[in-house]
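Morning, everyone. Please have the sequence and the model open while I talk.

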Amino acid sequence: MIRHLKKGKPVETKAELNAQVRSTVESIIRDIEQQGEAAVRTYSERFDQWNPPSLRLSQDEIQTCIDSLSAQAIQDIKFAQAQIRRFAQIQLMSMRDVEVETLPGVVLGHKNIPVNSVGCYIPGGKYPLLASAHMSVLTAKVAGVKRVIACAPPFEGKPSAAIIAAMALAGADEIYVMGGVQGVAAMALGTESIAPVDMIVGPGNAYVAEAKRQLFGRVGIDLFAGPTETMVICDDTVDAELVAVDLLGQAEHGPTSPAICVTISRAIAEQLPAAIEAVLARLDTAPVARQAWQEYGEIILCDTEDEMLQESERICSEHVQVMTRDPDWFLERMTNYGGLFLGARTNVSYGDKVIGTNHTLPTMGAGRYTGGLWVGKFIKTHTYQRILTDEASVMIGEYCSRLCALEHFSGHKEQADIRVRRMKKTV
């Protein structure tokens, strides 16, 4: 039996707030379309108190940011990027061009072609999320994208040195200090000084997510994202403190971030509320994490692993951490999730920051139909065809002609018929 010992409210903003976000974003995008960089600067000044001589950093300014960091910080950034690069390269190797002769004289194939230009948004207003630079800029570069530009808002009144260093070390071709909707729109639409890109990637707040939604179609995007989500599936091989730490580690992202424990251990289910309070007492981000847990946290007690699997598949969380005797049992059976973290030795923070898998993952149930950001998201798979002989063209043409007639498409039919008439003479 599945029992909800603590139930959170659904993650949904009020309709009027959604309308307000949508309207604000529409207005900003429209202004940037009409006024270009002047509008970008107006909004940058309004929202970030930032209006420097140039929104793009020079090489000297980038180097100054890198030089301001400790040797240990640079080493750590390089270590994380090495792991992410290595895994992205392995993923890239799994993709291959194909060409096959499907019938005598009929050749079909596809080519994997990188997107030409990508804009990467790196959040940094509240927390300088430099890891997002690894995940987007670096992965796009491994995919072979020719032009990768990146932007982040200022942090505490100046460019975030850690974010700028991460962008530069990841291989960004252009680096801008711009935040929010204006940053996303400037990269997507272009301005007098910024050439537009073909694709926008990267996480952000509700306004950034809405900007990506409204711009989708004019540019490609990685995925639609809501508040971050985490789930811990566990049994009595772990304790309530470890579960509490892993839940709150994601709840600190924001007050609407769901954190869900699904367990067959009654002891953990009963001890978890007190463990949550004990862990909150040692977190600087406790006010945010506490609100997220109080409003969106859940404790679900199950009798069997099958019931835990059932709940996980139903909820389809962005992050699913499995700490049970046999985590591979879930790996073999789970189909709905963003990223999977198997065993007590790893955790979501490892994936977010350093281990090598990408941290931009589907939320709000989107794991039912898409995975997260990876090297393949930056690559378009295009098909092609050729026919080697007149005989093959006639054979395909005769089938095509009859099928076009069934659809009453005379123009399509004539494309086939003219080739049949001309090439049949040579056959």
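Helix α7, residues 180–189, lies across β4 (117–121), β5 (147–152) and β7, and runs at about 175° to β4. Keep in mind that this is a predicted model.

Now the sheet under discussion. Five strands make up an open sheet, ordered β6-β5-β4-β7-β8, with parallel pairing. Which strands stand at the edges? They are β6 (174–177) and β8 (220–221); each has a single partner strand, so one side of each is left without a neighbour in the sheet. Strand β7, residues 199–201, is joined to β8 by two bridges, and the two run parallel. Ile 200 has Ile 221 in β8 as its bridge partner.

Next, the second largest pocket. Its space comes to about 450 Å³. The lining has 26 residues, and the closest to the centre are Phe 87, Gly 339, Thr 357, Asn 358 and Leu 361. Elements giving two or more residues to that lining are α4 (71–93), β13 (339–342) and α14 (348–353). By type, the lining splits into 12 nonpolar, 13 polar and one charged.

Last, some backbone angles. Most residues other than glycine have a negative phi. Gln 49 is not a glycine, yet its phi is positive, about 50°. Gln 49 sits in the loop between α2 (37–48) and α3 (59–68). Buried or exposed, this Gln 49? Exposed: the relative accessible area of Gln 49 is 55%.

Met 364 also has a positive phi, near 55°. Its place is the loop between α14 and β14 (379–387). Met 364 is exposed, at 53% relative accessible area.

Definitions and conventions:
Residues numbered from 1 in each chain as written. Predicted model: local features only at pLDDT ≥ 70, side-chain atom pairs only at ≥ 80, totals over all residues. Heavy atoms only, no water. 1 Å grid on protein atoms, 1.4 Å probe; cavity = no way out; pocket = protein on both sides within 12 Å on 5 of 7 lines; lining within 4 Å. Points joined across faces, edges and corners; volume = space filled by probe spheres on them. Helix = DSSP H or I, 4+ residues; strand = E, 2+ residues; numbered from the N terminus. Nonpolar A, V, L, I, M, F, W, Y, C, P; charged D, E, K, R; others polar. Pairing = 2+ DSSP bridges. Contact = heavy atoms within 4.5 Å. Axes fitted to C-alpha atoms, helices over the stretch in contact; angles between N-to-C directions. Buried < 20%, exposed > 50% of the residue type's maximum accessible area, 1.4 Å probe, protein only.
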